[in-house]
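Subject: Structure handover

Hi,

My notes on it follow below.

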Amino acid sequence: MKKLVGSCLCRKVQIEVPDDFDYMGNCHCSECRKFTGSDYSSVGGLSSEKFRLTSGEDFITIYPKSEDTELAFCRNCGSSLYSRKLKTGKHNIRLGILDDIPTHKPSFHIYTGSKAPWNEITDGLKQFENGPIKS
């Protein structure tokens with residue numbers, strides 16, 4: 001399995017994940033916009049067991065967003081790194097921190113009902129007004 005490496009802007013925090021995301025998508029919720037400083041956040045989700053921090057643990061600050069979610073960023077450069085879903089055991093990696101090119105690309109948009117008003121989604125990917133549908 002191909003490995004992907006990623007890093008923050010100052011390269012103090014470095015990660016490694018397999019090129020085997022369970023999903024890749026774009027989140028338009030107001031919280032992701034605030035956390036990334038962008039009009040949406042592109043993420044790839046995978047089991048937390050597959051996530052490997054290779055350097056910079058001392059530079060990571062965790063923000064406990066909710067009972068279910070922790071947000072991680074580099075305290076040196078401010079890069080948004082990932083969210084960790086505590087109940088589902090998933091890491092959602094911000095795809096922008098990847099230094100390598102993943103095999104797949106985002107295939108959907110979520111929380112389009114609260115997207116930034118200037119953002120027009122024209123890529124033809126599946127859209128969900130709210131979060132992903134849980135089965």
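I start with Ser 79, which sits in the loop between β7 and β8. Strands here are DSSP runs of E, at least two residues long, and helices are runs of H or I, at least four; both are numbered from the N terminus. This is a predicted model, so local features need pLDDT of at least 70 and side-chain atom pairs count only at pLDDT 80 or more, while totals for chains, interfaces and linings use all residues. Residues are numbered from 1 along each chain as its sequence is written, and side-chain values use heavy atoms, with hydrogens and water left out.

Ser 79 has a relative accessible area of 14%, so it is buried (under 20%; exposed is over 50%, partly exposed in between; 1.4 Å probe, protein chains only). Its side chain reaches the backbone nitrogen of Leu 9 at 3.0 Å. That is a polar contact (a pair of N or O atoms within 3.5 Å; within protein, one must be able to donate a hydrogen and the other to accept it, and residues adjacent in sequence count only if both atoms are side-chain atoms). Leaving out residues up to four places away in sequence, Ser 79 touches Cys 8, Leu 9, Ala 72, Phe 73 and Cys 74 (contact: heavy atoms within 4.5 Å).

Next, the nonpolar cores (buried Ala, Val, Leu, Ile, Met, Phe, Trp, Tyr and Cys joined through side-chain atoms within 4.5 Å). The largest has 18 residues. Val 17, Phe 21, Leu 81, Tyr 82 and Ile 93 have the most contacts inside it. β2 (14–18), β7 (69–74) and β8 (80–85) each give two or more residues to this core. Another core, of six residues, lies apart from it; Cys 27, Cys 29, Phe 108 and Ile 110 are among its members.

Last, the aromatic pairs (ring centres of Phe, Tyr and Trp, its six-membered ring, within 6.5 Å; planes under 30 degrees apart are stacked, over 60 edge-to-face, the rest tilted). There are two. Phe 51 and Tyr 82 have ring centres 4.9 Å apart and planes at 55°, so that pair is tilted. Phe 51 is in the loop between β4 (41–47) and β5 (52–55), Tyr 82 in strand β8, 31 residues apart. Tyr 82 is buried at 7% relative accessibility.

For Phe 108 and Phe 128 the centres are 6.4 Å apart and the planes at 75°, so the pair is edge-to-face. Phe 108 lies in strand β10 (residues 108–110), and Phe 128 in the segment after β11 (126–127).

Best wishes
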